[in-house]
Amino acid sequence: MTTSTWTSRGHLLDLETLSSAQLRALVDDAESFLPIVQGTMPDVPMLEGSVIANLFLENSTRTRVSFSVAAHRLGARVVDLLGSSSSTSKGESLVDTASNIAAMGVDGIVVRCSASGGAALIAEHVEVPVINAGDGRHEHPTQGLLDLMTLLQHFGGELAGRSVAIVGDIASSRVARSNLWSLTAMGADVVLVGPSSLVPAEFESIVPVGPDRGAVSISHDLDAVLESVDALMMLRIQFERHDGDGIPDDYRERFGLDVDRAGRLSEGVPVLHPGPINRGLELAPEVADGPHSLILRQVTNGVAVRMAVLAGLLASDG
Ligand code: CP
């Protein structure tokens, strides 16, 4: 397995500032770790003796366990600090919490928090690598990387000229933002699909136009794009960030990927979802578990991505 030059950055805070070459290098690194995740190669003790702090101030299943599994497979030990049991619930600031964790001598901090920019703020105050595991509505870089890896596997290593629809609650989604940067950097066009209340017009101009960068467009009609896109990424409606506002009563009928719509997809069109899924709302159970779905492959790839990130930042750090 390999680790590559992207690690010179010291942290992984976003995908916005990674070049296509760095994104490719990260996915290549992750591919080299994948046989370990799949059980066909033994674990590698690259981080033996290291201690990694999982600072998760928002709930998580996939990301937190995935980082833990990745760390264990690299020989590191993990300590978990969860929002409900941390002193943030007593009003301690994010920076104070992270600074205290760093002062205990951990070798890296994986952070999920509700503040957009929270991971970067921590990185300014601690001397160890910081990995953003989702900060508010800003970014979720390892999710973007595992999505990229999954799509590159599916499409034979190239995304240039492909069209990917990201469907749903774009406004709340750090996953959508990370994917906008990474997919367009790799030359894919992205169409953001959803009601205008969930797909703000300014999203069309978040990423700059460039000769090698894919284009971003917006559609408020899933049926109109369904048969022209090469891949569909369905997003969870994030009820916890809405207070019930902005979600049309007929959301499921207009934007849900149900059995009928899935039946109109061409055979090779993959369906992704970062999880957790609102089954029966944005995605029918039969589609989530059906032949188009790459959802569990995303999860497996996620461990390989996190191994690459941890090994790249911590092994080269020491
Ligand atoms: N995809 C994702 O971030 O899932 P969790 O919230 O379960 O970590």
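**View 1. Two buried residues in a predicted model.** Tyrosine 251 and phenylalanine 255 are both buried in this structure, which is a predicted model. Both residues belong to helix H8, which spans residues 251–255, and they stand four residues apart, about one turn of the helix.

**View 2. The aromatic pair of tyrosine 251 and phenylalanine 255.** The count of aromatic pairs comes to one.

**View 3. The largest pocket and its lining of 20 residues.** The space in the largest pocket amounts to about 390 Å³. Of the 20 residues that line the largest pocket, those nearest its centre are Arg112, Arg174, Arg236, Gly275 and Pro276, while helix H2 (62–73) and helix H6 (174–185) are the elements that contribute two or more residues to this lining. By residue class, the lining of the largest pocket comprises four nonpolar, nine polar and seven charged residues.

**View 4. The second largest pocket, with a volume of about 180 Å³.** Among the residues lining the second largest pocket are Arg62, Pro274, Arg279, Asp289 and Ser293, together with Ile295, Leu296 and Val299. Helix H11, which covers residues 295–317, gives the most to this lining, with three residues. The lining of the second largest pocket consists of seven nonpolar, two polar and three charged residues.

How values were computed
Residues numbered from 1 in each chain as written. Predicted model: local features only at pLDDT ≥ 70, side-chain atom pairs only at ≥ 80, totals over all residues. Heavy atoms only, no water. Phe/Tyr/Trp six-rings, centres within 6.5 Å; stacked < 30°, edge-to-face > 60°. Buried < 20%, exposed > 50% of the residue type's maximum accessible area, 1.4 Å probe, protein only. 1 Å grid on protein atoms, 1.4 Å probe; cavity = no way out; pocket = protein on both sides within 12 Å on 5 of 7 lines; lining within 4 Å. Points joined across faces, edges and corners; volume = space filled by probe spheres on them. Nonpolar A, V, L, I, M, F, W, Y, C, P; charged D, E, K, R; others polar.
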